[in-house]
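User: I would like to learn how to read a model like this one. Can you take me through it feature by feature?

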Amino acid sequence: MNRWDVLVEVSPRAEIADPAGTTIERALAALGFAGVSGVRVGKAIRMDVTAADESEARSVTEQMCDRLLANPVIEDARIELRAATQDHTT
Amino acid sequence: MSVPMSVPMSVTVGVVQFPGTNCDLDTFDALSELGARTALLRSDETSLGGVDAVVIPGGFAHGDYLRTGAIARFSPIMDAVASFAGAGGPVVGICNGFQVLTEAGLLPGALRPNAGLSFLCQPQQLIMVSVNHVLGHGLSPSDELSIPINHFEGNYVCDGATLRRLRENGQVVMRYVGNPNGSVDDIAGICNETGNVVGLMPHPERATSELLGTADGCKLLNALLSAAASTRRAAGHRAA
């Protein structure tokens with residue numbers, strides 16, 4: 001078995017209003033950061049996943065997203081996998 | 001204004017308690033004062049114990065971690081609630097309970113943070129839209145109600161196809177007068193296609209006496225007790 005550092009990024013879907021993102025965008029403009037648009041606020045969920053290979057790790061993480069981590073009515077989930085530098089499972 | 005204080009038939013209403021629920025006892029008291037037998041149902045129980053209706057009250061079930069209702073929907077009691085709802089039993093989710101019902105897939109759509117990003121705690125005027133559901137008995141479309149709201153995530157969203165379906169099937173239960181939170185189509189409450197599952201953001205249990213500013217909540221809770229009595233009679237006929 002191998003270990004993966006997994007990052008799940010959950011964000012409001014494109015067509016869903018994101019008042020927090022809009023507010024931050026206005027605040028950035030007020031601070032003088034010109035040219036910032038499309039600010040969206042979501043969640044980052046990090047975890048260690050132990051699985052036989054990368055495709056299994058991804059598939060298990062996708063199931064987590066479908067069942068719990070994201071609500072498909074309002075959110076999209078993006079998964080990033082990276083092989084862990086050290087194998088702590090041995 | 002007089003409020004009917006009797007139930008056509010003595011019914012039992014179960015009030016679900018998740019860790020973090022905080023409107024359970026208000027709901028319990030409101031239903032009891034209207035003449036119902038009332039039972040508190042812990043979220044780790046697997047049976048509803050033969051109740052005639054279920055209310056999922058407001059609060060912050062499981063801290064609302066991840067998303068409102070996201071963890072609560074996996075509680076053991078929710079399987080029993082889903083079976084009860086599937087068999088036509090009356091199920092009402094108030095505020096956080098509404099959020100739990102959408103997460104559980106018992107009602108369509110979802111509830112997002114209020115458009116203004118303010119926690120809203122205020123009296124709210126509402127207009128009944130459909131009355132073909134378990135909170136409709138004795139009410140008419142266009143009836144105005146004053147019932148308080150108390151939420152941060154009350155902004156109802158759904159896709160265009162779902163909204164069309166809700167309107168065409170008479171599943172819009174009530175709308176806000178002066179949309180306080182950005183909900184699509186001013187929606188404050190919806191029901192499922194069969195009308196036995198209702199979710200609403202306003203708190204009828206906090207509107208049960210003129211001393212509290214309004215007793216309009218009794219109209220909705222009495223409607224629920226009537227629906228529960230019908231369920232009980234139907235179950236009695238099946239058993240007979």
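Analyst: Start with burial. A residue is buried if 20 or more other C-beta atoms lie within 10 Å of its own, exposed if 12 or fewer, and partly exposed in between, with C-beta atoms placed from the backbone. A227(B) counts as buried because it has 24 C-beta neighbours inside 10 Å. This is a predicted model, so local features need pLDDT of at least 70, side-chain atom pairs count only at pLDDT 80 or more, and totals for chains, interfaces and linings use all residues. Residues are numbered from 1 along each chain as its sequence is written, and chains are lettered from A and ligands numbered from 1 in the order in which they are written.

User: Where does A227(B) sit, and which residues does A227(B) touch?

Analyst: Two terms come first. Helices (H or I, at least four residues) and strands (E, at least two) are DSSP runs, numbered from the N terminus. Two residues are in contact if their C-beta atoms, placed from the backbone, lie within 7 Å. A227(B) lies in helix 5 of chain B. Not counting residues up to four places away in sequence, A227(B) touches A53(B), P90(B), V134(B) and H137(B). Take A53(B): 174 residues separate it from A227(B) along the chain, yet their C-alpha atoms are 8.1 Å apart.

User: How do I read a nonpolar core?

Analyst: In soluble globular proteins, nonpolar side chains tend to be buried together. Here, a nonpolar core is a set of buried Ala, Val, Leu, Ile, Met, Phe, Trp, Tyr and Cys residues joined through C-beta atoms within 7 Å. The largest one has 76 residues, and V13(B), A53(B), V54(B) and L224(B) touch the most other members. Helix 5 (residues 217-239) of chain B gives the most to this core, with 9 residues. A second, separate core has 7 residues, including W4(A), V6(A), A57(A) and A70(A).

User: Which residues are in contact with V13(B), leaving aside its neighbours within four places in sequence?

Analyst: The contacts are L31(B), A36(B), T38(B), V51(B), D52(B), A53(B), V55(B) and A228(B).

User: What does strand pairing look like in chain B?

Analyst: Two strands pair if DSSP finds at least two bridges between them. Look at strand 13 (residues 197-200) of chain B. Strand 4 (residues 91-94) of chain B runs parallel to strand 13 of chain B, joined by 4 bridges. Strand 12 (residues 187-191) of chain B pairs with strand 13 of chain B in the antiparallel sense, over 3 bridges. G199(B) has G93(B) as a bridge partner, and I190(B) also stands opposite G199(B). Strands 12 and 13 of chain B form a hairpin with 5 residues between them, and G195(B) in the turn has a positive phi of about 80°.

User: Are the faces of strand 13 of chain B covered or open?

Analyst: Both faces are covered. V197(B) and G199(B) are buried on one side, V198(B) and L200(B) on the other.

User: How do I read the sheet in chain A?

Analyst: Begin with the strand order. Chain A has 2 helices and 3 strands, in the pattern β-α-β-α-β along the sequence. Its open sheet of 3 strands has the order 2-1-3, with antiparallel pairing. Strand 2 (43-51) and strand 3 (75-83) of chain A stand at the edges, each with a single partner strand, so one side of each is left without a neighbour in the sheet. Strand 1 (residues 2-12) of chain A is joined to strand 2 of chain A by 9 bridges. One opposite pair there is V6(A) and M47(A).

User: How do I judge the overall form of each chain?

Analyst: Chain A has 17 Å, well over the 12 Å that the rule gives for 90 residues, so chain A is more spread out than a compact globule. Buried residues make up 13% of chain A. For the 240 residues of chain B, a compact globule would have a radius near 18 Å; chain B has 16 Å, which agrees. In chain B, 56% of the residues count as buried.

Terms used
The radius of gyration is taken over C-alpha atoms; the globule rule is 2.2 Å times the number of residues to the power 0.38.
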